[in-house]
Amino acid sequence: MHPLIGYLIAVGLFAIGLYGVLTRRNAVLQLAAAELMLGGVHLVLVTSDLVHNAYTGQSFALFIVVIAAAEVGVGLALILNLWRERATIDTDDLPAEASEFDAEREAERRDADVDHDLDLDLGVDLGVDLGVDRDTGSGR
């Protein structure tokens, strides 16, 4: 087998993975595309190992397999956290910085507190609208 075949397949895998990372909105598909990129690098190392008759490429390829396994674990944990926070795994709607997200969550908390206060006030106002006298507690 000519080594050019291995290099061309590796470039193809890496290009497909890069395209997937840059164009996909779904975090799971982005993770799969990153795995394709690692597979392309893995193939380059093994092919160069065959060309140079050394075992360094195979040992680095083994490290890539370990890194890929760790990446999947961490990536899936991040995707689950994203799902819990936003009920979607689309990455287009993510804020550019964490400070924007924190400010948005704080605004939601303030709105929830105001809504709770309005609910309490509304209960008192309903009592007045129903004709209950506040001082005596009896009806009109």
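Mentor: Confidence first: the protein chain averages a pLDDT of 78, and 70% of the residues score at least 70 (pLDDT is the predictor's confidence in each residue, from 0 to 100). The model is predicted, so local features need pLDDT of at least 70 and side-chain atom pairs 80 or more, while totals for chains, interfaces and linings use all residues. Residues are numbered from 1 along each chain as its sequence is written, and side-chain values use heavy atoms, without hydrogens or water.

Now for α2 itself. Helix α2 (residues 27-52) and helix α1 (residues 3-23) have axes that come within 7 Å and cross at roughly 165° (axes are fitted to C-alpha atoms, for helices over the stretch in contact, and angles between N-to-C directions run from 0 to 180 degrees). That makes α1 roughly antiparallel to α2 (over 145 degrees; under 35 is roughly parallel, 65 to 115 roughly perpendicular, the rest oblique). By class, the α1 contact with α2 has 17 nonpolar, eight polar and no charged residues (Asp, Glu, Lys and Arg are charged; Ala, Val, Leu, Ile, Met, Phe, Trp, Tyr, Cys and Pro nonpolar; the others, Gly among them, polar).

Next, the other partner. α2 and α3 pack at about 175°, with their axes 8 Å apart, and are therefore roughly antiparallel too. The α2 contact with α3 has 16 nonpolar, five polar and three charged residues.

For a residue-level view, take Ala 34, which sits in helix α2. Ala 34 counts as buried because its relative accessibility is 18% (buried means under 20% relative accessible area, exposed over 50%, partly exposed in between, with a 1.4 Å probe on protein chains only). Beyond its neighbours within four places in sequence, Ala 34 touches Val 21 and Glu 71. Ala 34 and Ile 16 are 18 residues apart in sequence and 9.5 Å apart in space, C-alpha to C-alpha.

From Leu 78 to Ile 89 is 11 residues in sequence and 9.9 Å in space, C-alpha to C-alpha.

Notes: Helix = DSSP H or I, 4+ residues; strand = E, 2+ residues; numbered from the N terminus. Contact = heavy atoms within 4.5 Å.
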